[in-house]
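My plan is to look up a few features and write down what I find.

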Amino acid sequence: MKEETQALVNSGELLPLMEEFYTIQGEGYHKGTAAYFIRIGGCDVGCHWCDVKESWNAELHPPTPTHKIVENAKSYSDTIVVTGGEPLTWDMTALTTQLKAEGLQTHIETSGAYKLTGVWDWICLSPKKLKLPTQSVYDNADELKVIVYNTSDFSFAEAQAAKVGKDCILYLQPEWSKRDKMVPEIVDYVMKHPKWKISLQTHKYLNIP
């Protein structure tokens with residue numbers, strides 16, 4: 001990448017855009033609502049069960065001016081979800097400032113592995129063991145969504161819940177390939193620990209992006 005382009009990416013004026021699409025939010029607190037998704041490339045967290053591994057290498061995705069991303073987004077929905085990859089790899093200030101200037105709601109889905117940048121109406125934190133969240137994301141998370149791949153993830157979930165604010169909504173979500181095994185265990189766990197709620201990847205049941 002040219003030095004000038006890299007500088008613009010580093011500042012957030014350009015972002016490695018993997019894809020953008022209008023769909024129904026499938027997970028967590030806002031499930032079932034229409035939203036425009038902006039998927040940003042680049043992630044070094046490296047979850048082995050990630051279902052968008054093609055997002056990991058930022059160099060595969062074209063550096064795109066944030067104003068063009070915003071122009072596309074505003075014609076579809078009032079709610080914009082920025083996801084990845086790991087979007088906080090990059091400075092989200094320019095993107096969210098422009099989205100808010102258009103009167104749009106800004107949501108982010110993040111592992112929290114990097115410091116919080118940008119202006120957000122909703123922060124969904126989905127922490128990963130390989131690279132734990134920064135304090136700034138713990139402090140500002142509206143929703144904690146822990147992916148349950150095996151039984152050890154329940155203790156990880158509790159450790160993460162202890163680090164977020166008291167008003168943060170707590171979700172356990174089965175990893176898709178393990179759902180048949182883990183859903184009964186999650187149901188039992190939530191019944192015993194009712195501070196938690198269950199999140200399912202409803203978009204996969206609906207066969208939509």
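I start with Tyr29, which counts as partly exposed because its relative accessibility is 45%. I keep in mind that this is a predicted model.

**Entry: ring pairs**

What does Tyr29 pair with? I find a stacked aromatic pair of Tyr29 and Trp122, 4.8 Å centre to centre, with 20° between the planes. The pair links distant parts of the chain, 93 residues apart. Tyr29 is in the loop between strand 1 and strand 2, and Trp122 is in strand 6. Trp122 is buried, with a relative accessible area of 14%.

I count 6 aromatic pairs. One of them joins Phe21 and Phe37, with ring centres 5.5 Å apart. Their planes meet at 5°, so I log the pair as stacked. Phe21 belongs to strand 1 and Phe37 to strand 2, so this pair ties together parts 16 residues apart in sequence. I note Phe21 as buried at 15% relative accessibility. Phe37 is buried too, at 7%.

I also see Tyr22, Tyr36 and Tyr76 linked by ring pairs into a cluster. Next I check for a charge over a ring. The charged end of Arg179 sits over the ring of Trp176, 3.6 Å from its centre.

**Entry: cysteines**

How many disulfides does a search of the whole structure find? I get 0. I look at Cys47 to see why. Its closest cysteine sulfur is in Cys50, 6.4 Å away, which is too far for a bond. The cut-off is 2.5 Å. Cys124 is in no disulfide either, and its nearest cysteine sulfur, that of Cys168, is 8.6 Å away. I mark Cys47 as buried at 12% relative accessibility. Cys124 is buried at 4%.

I turn to the largest pocket, which holds about 800 Å³ of space. I list 38 lining residues, and the closest to the centre are Glu27, Asp51, Val52, Thr83 and Glu109. Strand 1 gives the largest share of the lining, 3 residues. Other elements that supply at least two residues include strand 5, strand 8 and helix 7. By class I note 15 nonpolar, 14 polar and 9 charged residues.

The second largest pocket has about 230 Å³ of space. Which of its 14 lining residues are closest to the centre? I write down His48, Trp49, Lys128, Lys129 and Asp153. Strand 7 and helix 5 each supply at least two residues of this lining. Its classes are 8 nonpolar, 3 polar and 3 charged.

Methods. Residues are numbered from 1 along each chain as its sequence is written. This is a predicted model: local features need pLDDT of at least 70, side-chain atom pairs count only at pLDDT 80 or more; totals for chains, interfaces and linings use all residues. Side-chain values use heavy atoms; hydrogens and water are left out. Buried means under 20% relative accessible area, exposed over 50%, partly exposed in between (1.4 Å probe, protein chains only). On a 1 Å grid over the protein atoms alone, a cavity is a set of points where a 1.4 Å probe fits but cannot get out, and a pocket is an open set with protein on both sides within 12 Å along at least five of seven lines; lining residues have an atom within 4 Å of a point. Grid points are joined across faces, edges and corners, and a volume is the space filled by probe spheres set on the points. Helices (H or I, at least four residues) and strands (E, at least two) are DSSP runs, numbered from the N terminus. Ala, Val, Leu, Ile, Met, Phe, Trp, Tyr, Cys and Pro count as nonpolar, Asp, Glu, Lys and Arg as charged, and the others, Gly among them, as polar. Rings of Phe, Tyr and Trp (its six-membered ring) pair if their centres lie within 6.5 Å; planes under 30 degrees apart count as stacked, over 60 as edge-to-face and the rest as tilted. A charge sits over a ring if NZ of Lys or CZ of Arg is within 6 Å of the ring centre and within 35 degrees of the ring normal.
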